[in-house]
Amino acid sequence: MGRRFWIASYQSFSESEQGYTFCYDTFSGHYWLSKVGLEDDFYCTGKVCALEAMDSYSDRYYFTCPAKKMKQPLSEKSDLVLF
């Protein structure tokens with residue numbers, strides 16, 4: 001729960017591509033639910049199915065992506081890139 005956005009993310013451990021992301025904008029009062037994740041249009045990594053909190057206050061979040069799945073691949077290996 002940040003100052004402006006409240007985010008809740010759930011990812012099924014049985015299927016890595018299945019998850020839900022709920023976001024609420026406290027300034028505008030708008031909310032939305034995404035069943036297929038969020039589209040990363042900044043780093044162009046595709047769908048982000050799960051956001052993980054970086055700190056106990058959930059002020060910052062991270063996600064990972066295989067390096068070879070990026071729009072401009074960093075490597076052909078299965079290395080994970082942390083965002």
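I began with the secondary structure of this predicted model, and I found zero helices and nine strands in the protein, where helices (H or I, at least four residues) and strands (E, at least two) are DSSP runs numbered from the N terminus. Read along the sequence, the pattern is β-β-β-β-β-β-β-β-β.

I noted how the model is handled before going on: residues are numbered from 1 along each chain as its sequence is written, and side-chain values use heavy atoms, with hydrogens and water left out. Local features need pLDDT of at least 70 and side-chain atom pairs count only at pLDDT 80 or more, while totals for chains, interfaces and linings use all residues.

**Surface and burial**

Of the 83 residues, 24% count as buried, a word I use for under 20% relative accessible area, with exposed for over 50% and partly exposed in between (1.4 Å probe, protein chains only). I also looked at contacts (heavy atoms within 4.5 Å), and of those with a separation of 6 or more, 20% are between residues 24 or more positions apart.

**The salt bridge**

I searched for salt bridges (a side-chain nitrogen of Lys or Arg within 4 Å of a carboxyl oxygen of Asp or Glu) and found one in the structure. Its partners are D25 and R4, whose closest N and O atoms are 2.9 Å apart. D25 belongs to strand β2 (residues 19-25) and R4 to the segment before β1 (5-11), so that the pair links distant parts of the chain, 21 residues apart. Is D25 buried or exposed? I read a relative accessibility of 5% for D25, which therefore counts as buried, whereas R4 at 34% counts as partly exposed.

**Aromatic pairs**

I counted three aromatic pairs in the whole structure, where rings of Phe, Tyr and Trp (its six-membered ring) pair if their centres lie within 6.5 Å, and planes under 30 degrees apart count as stacked, over 60 as edge-to-face and the rest as tilted. W6 and Y24 have ring centres 5.5 Å apart and planes at 50 degrees, so I recorded this pair as tilted. W6 is in strand β1 and Y24 in strand β2, 18 residues apart. W6 is partly exposed at 36%, and Y24 is partly exposed at 25%. For F63 and F83 the centres are 5.0 Å apart and the planes at 15 degrees, so this pair is stacked. F63 lies in the loop between β7 (61-62) and β8 (64-66) and F83 in the segment after β9 (80-82), so the pair ties together parts 20 residues apart in sequence.

F63 is buried at 13% relative accessibility. Leaving aside neighbours within four places in sequence, F83 is in contact with residues including T45, F63, C65 and M70.

I followed T45 into the loop between β4 (38-40) and β5 (46-48), where T45 is buried at 9% relative accessibility. Which side chain makes a polar contact with the side chain of T45? I found that of D40, at 2.6 Å; a polar contact is a pair of N or O atoms within 3.5 Å, and within protein one must be able to donate a hydrogen and the other to accept it, while residues adjacent in sequence count only if both atoms are side-chain atoms.
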